[in-house]
Amino acid sequence: MRIDILTLFPDLCDRVLSESVIGRARQNGIIEVNCHNIRDYTTDKHRRVDDYPYGGGKGMILQADPIYRCYEAIREETGGKPHLIYLSPQGKTLTQQKARELAALPNLALLCGHYEGIDERVIEEIVDEELSIGDYVLTGGELPALVVADCVARMLPGVLADEVCFTEESHFAGLLEYPQYSRPAEWHGRAVPQVLLNGDHKKVDAWRAEQALRRTQEKRPDLLKKEHF
Ligand code: SAM
């Protein structure tokens with residue numbers, strides 16, 4: 001899969017996605033990530049990419065043209081139209097299911113806004129969908145884009161050691177994950193549940209299923225009311 005990020009802070013994005021699991025997946029050629037500086041596509045001699053909002057008001061707006069030209073350059077490179085997501089507090093909230101759908105695409109492009117946002121006309125012209133990471137406002141789309149890229153990339157075959165690593169995790173099947181323990185078997189007077197120490201995998205599976213349901217009921221009962229597939 002190829003992910004392109006359109007941003008004013010390409011080094012920040014590239015650095016985060018060069019670490020740990022995603023960094024290894026990039027090194028192993030499972031995923032290609034390209035971070036593009038929108039500023040490289042301005043025709044302004046001072047490399048400006050923002051201007052005042054029509055109608056007045058505080059803050060600056062990212063102009064349409066540098067974004068459009070950056071996107072066109074990516075489109076030429078990929079030889080087709082990548083699915084372009086604008087990270088926006090006005091978008092639908094990212095879910096595990098959405099990340100799963102995005103992981104099936106060959107090309108994904110993530111557009112990061114900044115300042116007061118971006119010129120509406122470029123959203124209308126090139127954006128396929130808007131995604132939010134929650135009902136709050138951040139200063140830029142970089143953190144949301146990194147969240148989307150990480151969440152999508154870890155579901156690609158070969159990125160994690162085994163598919164079970166994410167299929168058993170919270171939200172994949174609509175439940176939260178069961179509690180996890182590692183050595184030592186007793187810590188600060190707290191013992192690991194006995195069922196996990198006996199080597200009976202059927203009993204372990206049954207205990208985990210029951211725990212997953214129980215903690216979903218306790219922590220996120222709203223999830224049990226949603227439909228999942
Ligand atoms: N004026 C915009 C509004 O009220 O909808 C908010 C602009 S915000 C300060 C700047 C940029 O940060 C946005 O263009 C978007 O790319 C990004 N952003 C902020 N909060 C976000 C969120 N919750 N999810 C996704 N992107 C977000």
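In this predicted model, the side chains of Glu 77 and Arg 2 meet in a salt bridge, with 2.6 Å from N to O. Glu 77 lies in helix α3 (residues 64-78) and Arg 2 in strand β1, so the pair ties together parts that are 75 residues apart in sequence. The chain as a whole has nine helices and nine strands.

**Salt bridges around Arg 2**

- Arg 2 also meets Asp 4 in a salt bridge between their side chains, at 2.8 Å from N to O.
- Asp 4 counts as buried because its relative accessibility is 0%, which is under the 20% cut-off.
- Arg 2 likewise counts as buried, at 11% relative accessibility.
- Glu 77, by contrast, is exposed, because its relative accessible area of 52% is over the 50% cut-off.
- Side chains of opposite charge can pair when their charged atoms come close.
- In the chain, the count comes to 14 salt bridges.

- A salt bridge of 3.5 Å, N to O, joins the side chains of Glu 101 and Lys 98.
- Glu 101 and Lys 98 are three residues apart in helix α4 (residues 96-102), so about one helical turn separates them.
- An α-helix has 3.6 residues a turn, so residues three or four places apart point the same way.
- Lys 98 is buried, with a relative accessible area of 19%, whereas Glu 101 counts as partly exposed at 41% relative accessibility.

**Helix α3**

- Helix α3, which carries Glu 77, has 15 residues.
- From its first C-alpha to its last, α3 reaches 21 Å, close to the 21 Å expected at 1.5 Å a residue.
- The buried residues of α3 are Ala 64, Pro 66, Ile 67, Cys 70, Tyr 71 and Ile 74.
- These buried residues pack against the strands β1, β2 (32-37), β4 (61-62), β5 (83-93) and β6 (107-112), and against helix α5 (120-126).
- Just after α3, Gly 79 takes a positive phi of about 75 degrees.

**Surroundings of Glu 129**

- Glu 129 is found in strand β7 (residues 129-132) and is buried, with a relative accessible area of 18%.
- The side chain of Glu 129 is joined to that of His 83 by a polar contact of 2.7 Å.
- A further polar contact, of 3.0 Å, joins the side chains of Glu 129 and Lys 98; Lys 98 is also the salt-bridge partner of Glu 101.
- Leaving aside residues up to four places away in sequence, Glu 129 touches His 83, Leu 84, Ile 85, Tyr 86, Lys 98 and Leu 102.
- The C-alpha atoms of Glu 129 and Ile 85 are separated by 5.1 Å, although these residues are 44 residues apart along the chain.

**Nonpolar surface patch**

- Phe 9, Leu 12 and Val 16 form a nonpolar patch on the surface, and together they have about 250 Å² of accessible area.
- Phe 9 is found in the loop between β1 (2-7) and α1 (10-16).
- With a relative accessible area of 36%, Phe 9 is partly exposed.

**Overall dimensions and packing**

- The C-alpha trace of the chain spans about 70 × 40 × 35 Å along its principal axes.
- Of the 229 residues of the chain, 40% count as buried.
- The accessible surface of the chain comes to about 13900 Å², and 49% of this belongs to carbon and sulfur atoms.
- Among contacts between residues at least 6 apart in sequence, 74% join residues at least 24 apart.

Terms used
Residues are numbered from 1 along each chain as its sequence is written. This is a predicted model: local features need pLDDT of at least 70, side-chain atom pairs count only at pLDDT 80 or more; totals for chains, interfaces and linings use all residues. Side-chain values use heavy atoms; hydrogens and water are left out. Patches are made of residues with over 30% relative accessible area and no salt bridge: like charges are joined within 9 Å, nonpolar side chains (Val, Leu, Ile, Met, Phe, Trp, Tyr) within 5 Å. Accessible areas come from the Shrake-Rupley method with a 1.4 Å probe; for residues, only the protein chains shown count as cover. A salt bridge is a side-chain nitrogen of Lys or Arg within 4 Å of a carboxyl oxygen of Asp or Glu. Helices (H or I, at least four residues) and strands (E, at least two) are DSSP runs, numbered from the N terminus. Buried means under 20% relative accessible area, exposed over 50%, partly exposed in between (1.4 Å probe, protein chains only). A polar contact is a pair of N or O atoms within 3.5 Å; within protein, one must be able to donate a hydrogen and the other to accept it, and residues adjacent in sequence count only if both atoms are side-chain atoms. Contact means heavy atoms within 4.5 Å. The expected span of a helix is 1.5 Å times one less than its number of residues.
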